[in-house]
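Please look over the sequence and the structure shown here before reading on.

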Amino acid sequence: MSASLTADPIPVLTRRIAIPASVGFFFNTMFNFVDTYCAGLISTDALAALSLSFPVFFIILSAGSGLSKGATALMANAIGAKNPLMAQRLFAQAVVFAALAGVVLSFAGWLAAPSLFRLLGAEGAYLDVALSYIHVILWGGVFFILQMTINAALNAQGETKLYRNFLIMGFVANCLLNPVLMWGWCGLPAMGVAGIALATVFVQIAGCVLLWTGVRRRELCREMPRGFFKPDAALLRKILSQAVPAGLNMLTVALGIFVITWFAKHFGKEAVAAYGIATRIEQVVLLPTIGLNFATLSLVGQNHGAGLPQRVREAWTTNVKYGVLLMLAGGCLLFPMRETAMRFFTADAVVIGHGRDYLGIAAITLAAYPILFVTVFMLQGMKRPAYGLWMGLYRQIAAPMLLFHLLAFTFAGGTWGVWWGISLVNWSAAVFALWWGARILRRELTSSLH
């Protein structure tokens with residue numbers, strides 16, 4: 001018997017949704033580590049090509065993420081309101097839009113990549129390697145967006161196990177396909193870094209097939225009239241109103257990385273390298289909380305659609321509490337292990353020192369992230385996506401530009417000023433998120449009583 005997101009206990013539902021999602025994203029992170037490792041086996045140019053391609057690739061991922069979150073929120077609200085036909089129509093329109101957006105973004109990326117790579121310093125053989133990688137990724141760009149959009153129908157129903165299974169199988173398939181395509185095993189031509197890209201595309205195509213089959217087997221989308229896939233301007237606008245702010249919010253993350261890197265470079269390449277390594281370690285510690293975001297979106301979306309503000313508030317507070325407790329434990333583990341973790345990636349004493357300093361401060365910052373992200377996903381589920389974008393602009397660009405300069409240069413704090421600046425920005429945003437989330441929910445509860 002399937003769980004009811006509008007009736008079953010919130011803590012039980014949270015664990016049922018969040019744990020599979022977090023496990024899946026662990027394997028997704030390992031997927032990227034395998035690609036980086038394999039590129040390093042080919043050459044330094046191949047390794048650099050993956051980093052150089054990140055800005056173009058990230059735009060496609062941001063579009064897919066924004067569309068997935070927007071579609072999930074709208075579908076979950078429709079399901080909660082007992083309107084399955086509207087949920088079906090929203091899903092069909094989201095799939096149509098994903099296909100169109102994937103084609104347009106891939107074509108635009110294909111045209112822009114050479115100039116962008118040259119602007120970032122690529123030329124000669126280095127440029128050729130980078131283009132060979134990104135051209136294959138862009139050829140399959142539509143499948144990245146489609147895969148995330150199809151999964152929105154599962155997320156809206158609180159189903160995360162199938163996506164977890166896909167991410168695990170995708171990781172295993174990537175481990176097998178990378179060497180075969182890179183080095184030309186089994187009689188195939190050696191493709192080098194393009195083989196790494198092709199393996200990734202093959203996994204995404206398989207994911208689209210697996211997830212589409214899974215969606216159509218569930219009652220909600222088992223029978224969908226073909227007419228639902230005819231472009232509907234009103235529904236597309238509704239989807240865009242939810243997807244665009246969410247996608248732009250994700251893009252602010254890339255801009256935030258650029259801002260931090262720009263400040264760190266003033267203290268040498270060792271500081272930049274330390275930041276890159278330390279953030280990877282930090283992201284691994286944060287992995288257990290990723291599932292809480294999806295649990296919040298699904299639970300809030302359906303209960304908001306059903307007109308149950310008390311359950312919306314319970315979903316928010318439950319996921320915030322779980323996230324904070326997990327990250328307090330994560331911080332206690334990270335602090336004593338921070339130097340050992342850095343030594344796993346580098347033997348440079350200066351890099352290790354900078355990274356140890358960063359991770360020491362990160363250990364007390366970790367609990368701020370689930371407060372922020374759970375609140376953003378709650379408001380997305382309530383069809384209020386603009387908050388996430390404004391918070392992203394504050395947290396990633398506006399506040400860092402002011403605070404980092406003040407702490408690092410005016411007060412001569414050096415790298416300590418940048419690292420503490422990151423902590424202060426995120427904690428200030430987390431405190432505001434708690435206040436703003438509580439304020440919105442009080443309004444919802446008050447209006448439901450009248």
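In which loop does Lys383 lie? Lys383 lies in the loop between helix 12 (368-381) and helix 13 (386-410). Helices here are DSSP runs of H or I with at least four residues, numbered from the N terminus.

This is a predicted model, in which local features need pLDDT of at least 70 and side-chain atom pairs count only at pLDDT 80 or more, while totals for chains, interfaces and linings use all residues. Residues are numbered from 1 along each chain as its sequence is written, and side-chain values use heavy atoms, with hydrogens and water left out.

Although Lys383 is not a glycine, its phi is positive, at about 65°. With a relative accessible area of 39%, Lys383 is partly exposed. On this scale buried means under 20% relative accessible area, exposed means over 50%, and partly exposed is in between, with a 1.4 Å probe and protein chains only. Lys82 is another non-glycine residue with a positive phi, of about 60°. Lys82 is found in the loop between helix 2 and helix 3 (84-119), and its relative accessibility of 68% counts as exposed.

Lys69 is placed in helix 2 (residues 44-80). Is Lys69 buried or exposed? Lys69 counts as buried because its relative accessibility is 18%. Apart from residues up to four places away in sequence, Lys69 touches Ala246, Leu297, Phe377 and Gln380; contact means heavy atoms within 4.5 Å. Between Lys69 and Gln310 there are 241 residues of separation in sequence and 22 Å in space, C-alpha to C-alpha.

Glu444 has its place in helix 14. Glu444 is also buried, with a relative accessible area of 18%. Its contacts, leaving aside neighbours within four places in sequence, are His304, Pro309, Met382 and Arg384.

Next comes helix 11. Its 14 residues reach 20 Å from the first C-alpha to the last, close to the 20 Å expected at 1.5 Å a residue; the expected span is 1.5 Å times one less than the number of residues. Helix 11 is mostly covered, with 11 of its 14 residues buried, among them Val351, His354, Asp357 and Ala362. The cover includes helix 9 (269-305), helix 10 (309-345) and helix 14.

Two packed helices are described by the angle between their axes and the distance between the axes. Axes are lines fitted to C-alpha atoms, for helices over the stretch in contact, and angles run from 0 to 180 degrees between N-to-C directions.

Helix 11 (residues 349-362) packs against helix 14 (residues 415-448) at an angle of about 25°, with axes 9 Å apart. Helix 11 is therefore roughly parallel to helix 14, a term for angles under 35 degrees. On the helix 11 side the contact includes His354 and Tyr358, and on the helix 14 side it includes Trp416, Trp419 and Trp420. The residues of this contact divide into 6 nonpolar, 3 polar and 1 charged.

Helix 10 and helix 11 pack at about 155°, with their axes 9 Å apart. Helix 10 is therefore roughly antiparallel to helix 11, the term for angles over 145 degrees. Among the residues making the contact are Arg338, Glu339 and Arg343 of helix 10 and Arg356 and Leu359 of helix 11. The residues of the contact of helix 10 with helix 11 comprise 6 nonpolar, 2 polar and 4 charged. In these counts Ala, Val, Leu, Ile, Met, Phe, Trp, Tyr, Cys and Pro are nonpolar, Asp, Glu, Lys and Arg are charged, and the others, Gly among them, are polar.

Note on methods. Helices (H or I, at least four residues) and strands (E, at least two) are DSSP runs, numbered from the N terminus. Angles under 35 degrees count as roughly parallel, over 145 as roughly antiparallel, 65 to 115 as roughly perpendicular and the rest as oblique.
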